[in-house]
Amino acid sequence: MSFKILSILLCTLCALAAEAEQLRFSTAAEWSTWDLPLGAVAVAANGSIQPVRIQKKINAALDAIPLGGGIRRVGSNGFDALNILDGDPATGWAPDPTDDDEDWFVEVDLGRSVSARSITLVFADEAPPFELFDLLLSSGEPQLDRVANPVEGSLIYRIRERVKENGRHRVIYAPGDALDLTPIRYLLVRNLKHIDGARLVEIEVEGIGDNLIIGLPERGGAIDVIIDVFNRAEEVTLGNALNLVDGSIFDRWRNGREPRNSYNTWSHITIDLGAVYPVDFVRLITGVAIRGGFGEQLLRSRAGASGARSFSYKVYEILTSDGSLAPDGSRIWTRHFSGRGTSQDQQAGLADHQFPTLPTRFVRVAWLIWDATCAETAPDATSRWACYANGSAEEIQVYGEGYPLETGFRSPLIDLQDGKSLNTVEWQTQTPPGTHVEIRSRTGNEIVEQYTFHDKNGKQVTQKRYNKLIPSFRGAIDTTRVAGGDWSPWSNIYSTSGAFFLSPSPRRFLELDVKLVSVNPEQAARFDWLAINFTNPLASRVVGEVYPLKVMPGEETTFSYYVRPTVSTTGFDQISVEASTTPRFAAAFIDGESVEVETTSLTQGFLATFPHRIQSRQLVELRFISPVYLQSTRFDAFLHDSARQQTRQLVDPGDADTQIESSSNVVGIPLSTTLFSNLSFTSSFITPNGDGINDRLVVSFDLVNVLSARPLRLCLYDLAGRLLYSTEFDAQAGHQELSWNGRDDQGHLTPPGLYLLELQIASDSGDHSMRRAVSVAY
């Protein structure tokens with residue numbers, strides 16, 4: 001994804017920096033600078049952002065205008081024509097009786113191909129309805145000239161219904177499969193008899209639902225087509241692939257490649273919906289549109305099509321994924337269909353796949369494009385056509401119901417000009433039960449320009465391919481500024497509004513990322529506003545380093561943190577040190593001289609307040625004591641000013657003292673295959689007789705390199721391998737103690753003898769365990 005720097009935002013920030021010391025996003029204009037997946041979320045008039053609910057059984061006519069449709073033509077009384085699409089039964093349209101009766105029609109463009117279940121014409125209640133009229137429906141099929149080329153602007157209406165002697169105010173056209181299996185784009189209503197006062201007030205088109213593919217790029221989605229999954233060079237350009245999701249069955253994605261490989265060749269169409277939705281239905285449309293021309297007829301006959309329709313997949317699969325990754329980094333997929341296309345699919349030109357509702361970010365169609373086994377037994381080249389399935393398709397439709405389960409939006413790269421000390425993050429949200437908001441940040445000083453090349457048709461091409469094109473075949477070159485190599489990784493999620501800023505600062509550039517998450521498709525979080533509070537930095541640059549850099553796991557170690565500000569105009573009088581191991585203060589020095597400081601304990605460390613302000617180039621040493629349980633434990637130092645309570649500036653790792661070989665704030669421990677360090681038992685035997693001596697066995701150890709809580713289990717086995725006792729709880733890196741009182745799981749004292757005590761923990765790299773023999777005596 002690319003991240004644009006918007007000049008309008010830069011100007012806004014300059015004004016904010018001078019006036020309010022806060023960067024705030026709370027209006028529609030301010031959010032417009034962000035990369036918003038419009039369609040997945042909407043910005044209200046008051047500036048709040050909320051996910052958009054997707055629906056089933058929609059009236060597709062109400063979305064016609066937002067999707068680029070509306071009134072295509074009207075012969076009479078054109079000023080009132082839009083009334084039939086406004087959802088208001090009090091307004092309507094009727095032809096002017098003084099106009100030529102050939103002009104008594106109105107034609108509607110739904111803005112996209114709609115898989116409709118029924119068409120309803122609604123007439124005004126206060127007057128008689130149209131008595132005699134025609135309803136015509138078109139998929140968008142154009143008329144052809146003598147050489148089978150489409151005539152621009154023309155339409156063929158293949159579905160026609162004449163209604164006679166009508167007395168109904170709601171006329172429903174629902175011919176069953178004839179309508180459902182033919183996606184429609186255009187409707188034409190022609191009145192054939194004038195009735196005083198009669199008005200058509202609404203046209204209702206009942207569709208399957210909101211097709212999540214419509215407006216895919218605007219929703220933050222993407223599509224990827226690979227002809228040979230074993231050869232990524234066979235990837236299809238984006239411009240061609242977008243025909244699959246443009247809402248028109250006549251803009252077909254057509255595959256002209258035939259990989260006659262010696263192995264079975266599979267192809268993939270993978271669609272990124274741009275957000276996680278509750279999805280339960282996929283419609284695959286491959287051969288519904290009627291097209292002329294000898295080449296088209298030949299293609300259909302080779303695909304085995306009978307009549308006007310065809311289905312271009314023989315062996316295929318439909319899969320979905322919420323984006324979760326397996327331990328090897330691959331995406332986890334759920335397969336909903338795997339098999340052959342049926343004769344019914346061939347006759348319909350499409351296939352429907354209904355499945356239980358699942359959180360879905362990605363939809364994949366995988367198909368066997370070349371059956372090498374079939375080709376080996378084919379007697380001639382003509383017969384080998386049966387071994388090929390080109391996979392050409394007209395449209396893929398995806399449906400569900402409810403709010404997105406996860407959707408996100410990202411800021412542009414925000415230019416802070418001279419660099420600011422970013423102190424706290426504030427926001428306001430509405431989070432019903434089962435919903436929450438995730439906010440992250442990252443910062444950096446460097447940006448680089450990235451170029452995207454296109455041919456004259458707008459298809460993305462490589463720079464090498466672009467340079468080979470003749471000038472008249474070259475298209476636009478887009479320039480985008482993206483984060484450079486010195487940027488920090490995305491921060492941890494901010495826990496509460498008003499939390500300290502987590503990314504390094506001061507930095508010139510800032511980027512923010514917001515996610516709205518829900519476990520219930522009937523609930524959605526609302527995001528009202530976001531603000532970053534900043535001040536001028538306490539030091540334009542400050543570096544720090546920790547020593548020693550390598551220690552034994554679990555051992556109490558005395559560390560020194562050296563801090564030196566290079567340029568500080570006002571100075572500062574406080575430094576805090578924080579880490580996952582909660583360091584404890586020991587002593588403080590300035591330029592080698594011991595100083596008395598006041599210390600305050602923090603949740604993850606301590607804060608030292610100095611008796612006078614620290615100025616440029618002064619070297620501060622803070623000594624502290626801490627054990628280390630994790631490989632690459634980071635100790636962070638922050639500058640503070642007691643006169644400016646909300647100011648906090650991160651100390652960058654660097655060479656603060658040339659006499660110290662460190663330049664880092666990350667401490668390591670020796671590499672080891674075990675997660676249990678410094679293991680000890682109070683005794684190798686116990687005598688649980690209640691006399692208070694050796695009644696209980698206590699196991700103590702340091703659990704190392706376990707980042708998040710994992711199940712830790714203590715088990716006791718007899719020499720035959722039978723489990724007698726077990727206890728389990730979640731644990732993470734740190735000092736641990738477990739005990740056993742000599743009893744089994746039923747509470748009975750174990751008989752005298754020799755037993756095996758086992759420690760077990762599950763980690764990303766597999767289960768780890770350690771066993772010791774223990775004796776029970778009385």
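Is Asp-134 buried or exposed? Asp-134 counts as buried, because its relative accessibility is 14% (buried means under 20% relative accessible area, exposed over 50%, partly exposed in between, with a 1.4 Å probe and protein chains only).

## What you're looking at

This is a predicted model, where local features need pLDDT of at least 70, side-chain atom pairs count only at pLDDT 80 or more, and totals for chains, interfaces and linings use all residues. Residues are numbered from 1 along each chain as its sequence is written, and side-chain values use heavy atoms, with hydrogens and water left out.

## Salt bridges

Searching the whole structure turns up 28 salt bridges (a side-chain nitrogen of Lys or Arg within 4 Å of a carboxyl oxygen of Asp or Glu). One of them pairs Asp-134 with Arg-162, at 2.7 Å from N to O. That pair ties together distant parts of the chain, 28 residues apart: Asp-134 sits in strand β8 and Arg-162 in strand β9 (strands are DSSP E runs of at least two residues, numbered from the N terminus). Arg-162 is partly exposed, because its relative accessibility is 48%.

Then there's Asp-641 with Arg-613, with the closest N and O atoms 2.7 Å apart. Here strand β38 holds Asp-641 and strand β35 holds Arg-613. Asp-641 is buried at 4%, while Arg-613 is partly exposed at 29%. Elsewhere, shared partners join Arg-72, Arg-73 and Glu-107 into one salt-bridge network.

Terms used:
Helix = DSSP H or I, 4+ residues; strand = E, 2+ residues; numbered from the N terminus.
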